[in-house]
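Here is a structure to read together, one feature at a time.

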Amino acid sequence: MQDQTPTFEEVAAAAGALHNDGNPVTVEAVRDALGSGSPSVIHKHLAAWRADNAPPPEPPKAEIPEPLVAALADWARQFAEQSGAGNRDRLAQAESDLEALARSGEMLEAERDDLLSQLSTANALAAERAEQIERLTIELRDAREVATNALVGKAKDQLAIDGKDRQLADLRAQLERSVASAASDSDARLTAEMELVGAVTARDNYASELKALRAQLESLNADRTALRAEVDGLRTRRA
């Protein structure tokens, strides 16, 4: 009896069943599962099935001897220490620089706070000085106004005093003119009377007239004194 030639589908189904059951997939196992078949044909179909379904072969594990592992570990640690020394130095320098920058920043912040405090104090002082200047300006304006009014009043009083002085001078001149005129008239009348009634009568009349003139002069002097007292009173009140 001649072996029946199996198809690829039959070989693949038998191989899949063996694989799923955990059995080794070999040509003999597939041929036993099929019951017959040419080993060469089963091998050809099984190779095609393995190319599509068989898992990739696991790579061999690289196992390093323990002494080599220890030596490599020592070398790696020494290399890390040697290569990291510069980095540690740079890190330490960077940390030192950062600390210096932090201290500098704190100093700058303190200086800034101090400057802000000084600026606030200066602003407050400037505001206070501005208020003082404004108050002094108002006081100066008021003082100028008072002084101007005082000068105007003093000028008016001076004009009044000058007017009183002129009136007094005019009265004195009038008095002197009156006395001179009265004396002239008295001399004329005395001459006439002496010629008419005699020297004795004329002398008595002249003496009486002179007495009256003296009384008038004293009255004028009294008026002058009163006027001068009034002028002095005005000057005293203004002072």
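**Reading the model**

Among contacts in the protein chain (heavy atoms within 4.5 Å) between residues at least 6 apart in sequence, 57% join residues at least 24 apart.

Q: What kind of model is this, and how are residues numbered?
A: The model is predicted: local features need pLDDT of at least 70, side-chain atom pairs count only at pLDDT 80 or more, and totals for chains, interfaces and linings use all residues. Residues are numbered from 1 along each chain as its sequence is written, and side-chain values use heavy atoms, with hydrogens and water left out.

Q: How many helices and strands does the protein chain have?
A: Helices (H or I, at least four residues) and strands (E, at least two) are DSSP runs, numbered from the N terminus. Here the protein chain has five helices and zero strands. From the N terminus on, the order reads α-α-α-α-α.

Q: What percentage of the residues in the protein chain is buried?
A: Buried means under 20% relative accessible area, exposed over 50%, and partly exposed in between (1.4 Å probe, protein chains only). Of the 239 residues in the protein chain, 13% are buried. Accessible areas come from the Shrake-Rupley method with a 1.4 Å probe; for residues, only the protein chains shown count as cover. The accessible surface of the protein chain comes to about 18,600 Å². Carbon and sulfur atoms hold 56% of that surface.

Q: Which residues form the largest nonpolar core?
A: A nonpolar core is a set of buried Ala, Val, Leu, Ile, Met, Phe, Trp, Tyr and Cys residues joined through side-chain atoms within 4.5 Å. The largest one here has 12 residues: V11, A12, A14, A15, L18, V25, V27, A29, V30, I42, L46 and W49. Helices α1, α2 and α3 each give two or more residues to this core. The largest share, five residues, comes from α1. Take A14 as a case: leaving aside neighbours within four places in sequence, A14 contacts V30, A33 and L34.

Q: Which residues of α2 are buried?
A: In α2 (residues 27-34), they are V27, A29 and V30. Seen down the axis of α2, these buried residues fall within an arc of 165° (taken from the directions from the helix axis to the C-beta atoms), so they line one face of the helix. They pack against α1 (8-20) and α3 (39-53). E28 and D32 are exposed on the other side of α2. Just after α2, G35 takes a positive phi of about 90°.

Q: Is H45 buried or exposed?
A: H45 is found in helix α3. Its relative accessibility is 14%, so H45 counts as buried. Leaving aside neighbours within four places in sequence, H45 is in contact with P6, T7, F8 and V11.

Q: Which residues form a nonpolar patch on the surface?
A: Patches are made of residues with over 30% relative accessible area and no salt bridge: like charges are joined within 9 Å, nonpolar side chains (Val, Leu, Ile, Met, Phe, Trp, Tyr) within 5 Å. Here I64, L68, V69 and L72 form the patch, with about 320 Å² of accessible area together. V69 sits in helix α4 (residues 66-196). At 36% relative accessibility, V69 is partly exposed.

Q: How many salt bridges does the whole structure have?
A: A salt bridge is a side-chain nitrogen of Lys or Arg within 4 Å of a carboxyl oxygen of Asp or Glu. A search of the whole structure finds two. One joins the side chains of D74 and R77 (2.5 Å, N to O). D74 and R77 are three residues apart in α4, so about one helical turn separates them. The other joins E176 and R172 (3.5 Å, N to O). Those two residues, E176 and R172, lie four apart in α4, about one turn of the helix.
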